[in-house]
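This report covers one protein chain. Please load the sequence and the coordinates before reading on.

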Amino acid sequence: MEIIVDHIYRSTVAMMALGMPVLLLAGGLGLLIGLIQAVTQIQDSTLPQIIKILGVSALLLSMGQALSGPIVQHSEEIFSTFHKVQSR
């Protein structure tokens with residue numbers, strides 16, 4: 001049971017390592033575009049969405065391999081130690 005809890009914890013940390021940069025970028029872009037819209041009084045609701053989609057896509061294309069590294073490494077560890085968890 002202790003091994004399973006440890007795997008769940010490390011999986012959660014790995015997912016946060018992947019998701020946090022994406023969420024921070026999307027939030028920062030949303031804040032920046034919101035400020036620009038407030039200053040220029042542009043009321044287009046699709047503009048922030050398009051910019052966030054493009055920004056997140058560019059981040060994932062450029063840094064996707066590095067961001068997914070911890071998840072891939074942990075998945076390989078889970079599959080290589082599966083026989084230890086199964087025998088308990």
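## Terms and model

Buried means under 20% relative accessible area, exposed means over 50%, and partly exposed lies in between (1.4 Å probe, protein chains only). This is a predicted model, where local features need pLDDT of at least 70, side-chain atom pairs count only at pLDDT 80 or more, and totals for chains, interfaces and linings use all residues. Residues are numbered from 1 along each chain as its sequence is written, and side-chain values use heavy atoms, with hydrogens and water left out.

## Overall form

The protein chain has three helices and zero strands. Read from the N terminus, the order is α-α-α. Helices (H or I, at least four residues) and strands (E, at least two) are DSSP runs, numbered from the N terminus.

The radius of gyration is 19 Å, whereas a compact globule of 88 residues would have a value near 12 Å. That radius is taken over C-alpha atoms, and the globule rule is 2.2 Å times the number of residues to the power 0.38. Along the principal axes, the C-alpha atoms fill a box of roughly 65 × 25 × 15 Å.

## Surface and contacts

Of the 88 residues in the protein chain, 17% are buried. The accessible surface is about 6,600 Å², and carbon and sulfur atoms hold 71% of that area. Accessible areas come from the Shrake-Rupley method with a 1.4 Å probe; for residues, only the protein chains shown count as cover.

Contact means heavy atoms within 4.5 Å. Take the contacts with a separation of 6 or more: 77% of them join residues 24 or more positions apart.

## The N-terminal patch

Met1, Ile4, Val5 and Ile8 make a nonpolar surface patch of about 420 Å². Patches are made of residues with over 30% relative accessible area and no salt bridge; like charges are joined within 9 Å, and nonpolar side chains (Val, Leu, Ile, Met, Phe, Trp, Tyr) within 5 Å.

Methionine 1 sits in the segment before H1. Its relative accessible area is 72%, so methionine 1 is exposed. Isoleucine 8 belongs to helix H1. Isoleucine 8 is exposed too, at 53%. From its C-alpha atom to that of glutamine 37, 29 residues along the chain, the separation is 42 Å.

## Salt bridges

A salt bridge is a side-chain nitrogen of Lys or Arg within 4 Å of a carboxyl oxygen of Asp or Glu. By this rule there are two. An α-helix has 3.6 residues a turn, so residues three or four places apart point the same way. Aspartate 6 is partly exposed at 34% relative accessibility, and arginine 10 is partly exposed at 29%.

The other salt bridge joins glutamate 77 to arginine 10, with the closest N and O atoms 2.7 Å apart. This pair links distant parts of the chain: glutamate 77 is in helix H2, arginine 10 is in helix H1, and 67 residues separate them. Glutamate 77 is partly exposed, with a relative accessibility of 28%. Through shared partners, Asp6, Arg10 and Glu77 form one network of salt bridges.

## Helix H2

Helix H2 spans residues 46–80 and bends by about 75 degrees at methionine 63. The bend at a residue is the angle between axes fitted to the seven residues ending there and the seven starting there. Its buried residues are Pro48, Gly55, Val56, Leu59, Gly64, Leu67 and His74. Helix H1 (2–40) is part of what covers them.

Leucine 60 also lies in helix H2. Leucine 60 is partly exposed, at 40% relative accessibility. Beyond its neighbours within four places in sequence, leucine 60 is in contact with Val22 and Leu67.

## The loop between H1 and H2

Where is glutamine 41 placed? Glutamine 41 is in the loop between H1 and H2. Its phi is near 60 degrees, a positive value in a residue other than glycine. Most residues other than glycine have a negative phi. At 64% relative accessibility, glutamine 41 is exposed.
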